[in-house]
Amino acid sequence: MSMKRIFLSVCATALCVSGSFVAPADANSFRYAPPPPVMLQADQIQPWVMQLRPGANRPQPSDARPRVDISRLAPDPRQGRTEAASAKIQRQRVRSIDPRYLPTVVDYAGPHRAGTIIVNTNERYLYLVGQDGTARRYGVGVGRPGFEWAGTHKVTRKAEWPGWRPPAEMRQRQPGLPEYMEGGPRNPLGARALYLGSTLYRIHGSNEPWSIGQAVSSGCIRMRNEDVMDLYQRVGVGTKVIVI
């Protein structure tokens, strides 16, 4: 009986072992199976691995955006306007008044009495004679070639922000001039004007300060607006004016 039990036990064990190999595979049979290895490409893991290596060269980032040849692009019309405006500002800076024509006080030992205005057209200076052996000197612009003149007159009228009525001869030479222009910052006579006798000439301001020291006018004596305003306050109607 014992031998029979042993035989049956061996048979049962053999059947169990053999059944484990021939049993059909199902989902539960892979639950505890080892997962497949994870495969990563070298170009994906290399930057991270290199950061963990002390002293290793760090990867250099590269710009993957497409390159554009800007020389082949059409020019932006706004750029031309900007450059033109910058050039205009630069010209205005360059065309500033020469410092030697700024107002100053100089010695005077001439024969004319205090209060006399003397305009030296060759030097491009106007002098207002003082009472203490000095004179206030201002830079001026004078008549261009063909419009020079000299003589002695008196101030017959003074005007603040005067209107301008170009003479007929001037309008013939420059047809674009108006018959009359109201006074103001854009008016060529500037902030103040001193009229000389019955002539068409004036000592007046200018909205073109860079022309001071130049021979560009039609005979009038130009001053900076700041300077003619200062002179305007120091002289009155009847002041003697000598142009040499």
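1. Let me start with the sheet. Nine strands make an open sheet with mixed pairing, in the order β1-β4-β3-β2-β11-β6-β7-β8-β10. At its edges are β1 and β10 (221-222), each of which pairs on one side only. Two strands are taken to pair if DSSP finds at least two bridges between them. Helices (H or I, at least four residues) and strands (E, at least two) are DSSP runs, numbered from the N terminus.

2. A word on the model before going on. This is a predicted model, in which local features need pLDDT of at least 70 and side-chain atom pairs count only at pLDDT 80 or more, while totals for chains, interfaces and linings use all residues. Residues are numbered from 1 along each chain as its sequence is written, and side-chain values use heavy atoms, with hydrogens and water left out.

3. Next, one pairing within the sheet. Strands of a sheet pair through backbone hydrogen bonds, either parallel or antiparallel. For β6 and strand β11 (residues 240-243) the sense is antiparallel, over four bridges. His153 stands opposite Val241 in β11. Strand β6 also holds Val155, which is buried at a relative accessible area of 1% (buried means under 20% relative accessible area, exposed over 50%, partly exposed in between, with a 1.4 Å probe and protein chains only). From Val155 to Ile203 the C-alpha to C-alpha distance is 9.2 Å, although they are 48 residues apart in sequence.

4. Now to the aromatic side chains. The structure holds three aromatic pairs. Rings of Phe, Tyr and Trp (its six-membered ring) pair if their centres lie within 6.5 Å; planes under 30 degrees apart count as stacked, over 60 as edge-to-face and the rest as tilted. Tyr101 and Tyr125 form a tilted pair, because their ring planes are at 50°, with the centres 5.6 Å apart. This pair links distant parts of the chain, 24 residues apart: Tyr101 is in the loop between α3 (77-94) and β1 (104-107), and Tyr125 is in strand β3 (residues 125-129). Tyr101 is buried at 5% relative accessibility, and Tyr125 is buried with a relative accessible area of 11%.

5. Another pair is worth a look on your screen. The rings of Trp149 and Tyr201 are stacked, because their planes are at 5°, and their centres lie 4.5 Å apart. Trp149 is in the loop between β5 (142-143) and β6 (151-160) and Tyr201 in the loop between β7 (192-196) and β8, so the pair ties together parts 52 residues apart in sequence. Trp149 is buried at 14%, whereas Tyr201 is partly exposed at 25% relative accessibility.

6. Together with Tyr101 and Tyr127, Tyr125 forms one aromatic cluster. Arg137 lies over the face of Tyr125, at 4.1 Å from the ring centre. Elsewhere, the charged end of Arg192 sits over the ring of Tyr232, 5.5 Å from its centre. A charge sits over a ring if NZ of Lys or CZ of Arg is within 6 Å of the ring centre and within 35 degrees of the ring normal.

7. Last, the largest pocket. On a 1 Å grid over the protein atoms alone, a pocket is an open set of points where a 1.4 Å probe fits, with protein on both sides within 12 Å along at least five of seven lines; lining residues have an atom within 4 Å of a point. The largest pocket is lined by 24 residues, and Trp164, Met170, Ser217, Ser218 and Arg222 lie nearest its centre. α4 gives the most to this lining, with three residues.
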